[in-house]
Amino acid sequence: MEPVILNGKALSIQIEEELKERVAKIKEESGVTPVLATIIVGDNPASVTYVRMKGNACRRVGMEPLKVELPEETTTEELLAVIDKLNADDKVCGILLQHPVPKQIDERKCFNRVLMEKDVDGTNVSSFGAVTMGQDAYKCATPAGIMEILRRYNIETTGKNAVVIGRSPILGKPVAMLLLNANSTVTICHSKTKNLPEIVKQADIVVAAVGVPKFVKASWIKKGAVLIDAGYNEGNIGDIDLENCAPLSSAYTPVPGGVGPMTIAMLMSQTVDSAEKKYLKK
Ligand code: NAP
């Protein structure tokens, strides 16, 4: 059977339609337009593009983006002060600090400074802890997008072997916790993992979050596995050699048009959740 293409782009359009209605209701009932603040430090071209795309998505669903651009030489203290200001700004429902920040900045400290109720990108360590414990908190956007793809395509996770390649704080680690909470048996692999191909061969669900183009090879894939390619490398190339792996799978996310658009959709969705909590007294 032909593998199913897990069309994140189409899903994200559907989600935006749902969000438009929810934002319209907030505006109607409160007279307020929810604001998502985005902070970008420096002018990394990929980050500039991501922040622009997030601002555009914000406008499409009827919210207002507030872009804060800081120079490359910004210090941790200066960035913390900006976050404090946004935390205290009553109009701001969500705060996104675009990753990565320049090396001199303590990124973890800055992520952790975002108030949990405004942490719509789910990067605060308290949000991670709460989500891991199954409590109500905002999830990291890309992992949330991956789970939403699995949910909307009715892909069973219970009892499945899920192998996550990568353990970064914004992707590998949180997606592994979400899969665990969804009753998968999860193995997390990283650069020190031995026998990676053999481990991946056991996987019913493979999540690649490595940052190496076409890292996952066809010979590692169990027939019928579900392939989630979170990678996004120069030239629109993912972390899975999809050309050769996809035909062996039962379903896969394309690159582009898979996980990427869902990341932005989840950021929007969690910002709307935050705005509803604030303005609709949910
Ligand atoms: P990262 O912080 O660089 O983490 C990469 C992870 O891969 C690390 O845990 C690393 O292991 C592991 N790794 C590296 N080389 C490996 C190897 N040879 N064997 C096994 N594991 C290896 O990257 P990230 O931020 O998680 O991003 C991963 C990918 O996702 C990138 O392609 C990025 O562009 C993409 N991404 C996409 C979105 C989206 O919205 N679509 C969002 C974020 C990221 P160690 O921990 O041992 O170093």
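Reader: Which residues have the most contacts inside the largest nonpolar core, and how many residues does this core have?

Author: In this predicted model, the largest nonpolar core has 52 residues. Ile 146, Leu 179, Val 207, Val 226, Ile 228 and Met 268 are the ones with the most contacts inside it.

Reader: Which helix gives the most to this core?

Author: That's helix 10, residues 259–279, which puts in 10 residues. As for domains, the core takes at least three residues from each of domain 1 (30–117) and domain 2 (141–261).

Reader: How far apart do the C-alpha centres of those two domains lie?

Author: The centres of domain 1 and domain 2 are 28 Å apart.

Reader: Back to Met 268. What is it in contact with, leaving aside neighbours within four places in sequence?

Author: Here you look for heavy atoms within 4.5 Å. With those neighbours left out, Met 268 contacts Leu 19, Leu 36, Lys 54, Ala 57, Cys 58 and Met 63.

Reader: Which backbone oxygen lies 2.7 Å from a polar atom of the Ser 12 side chain?

Author: Look for N or O atoms within 3.5 Å of each other. For Ser 12, the backbone oxygen belongs to Lys 9.

Reader: And what does Ser 12 touch, not counting residues up to four places away in sequence?

Author: Ser 12 touches Pro 261, Met 262 and Ala 265.

Terms used:
Residues are numbered from 1 along each chain as its sequence is written. This is a predicted model: local features need pLDDT of at least 70, side-chain atom pairs count only at pLDDT 80 or more; totals for chains, interfaces and linings use all residues. Side-chain values use heavy atoms; hydrogens and water are left out. A polar contact is a pair of N or O atoms within 3.5 Å; within protein, one must be able to donate a hydrogen and the other to accept it, and residues adjacent in sequence count only if both atoms are side-chain atoms. Domain bounds come from an automatic or database domain assignment. A nonpolar core is a set of buried Ala, Val, Leu, Ile, Met, Phe, Trp, Tyr and Cys residues joined through side-chain atoms within 4.5 Å. Buried means under 20% relative accessible area, exposed over 50%, partly exposed in between (1.4 Å probe, protein chains only). Helices (H or I, at least four residues) and strands (E, at least two) are DSSP runs, numbered from the N terminus.
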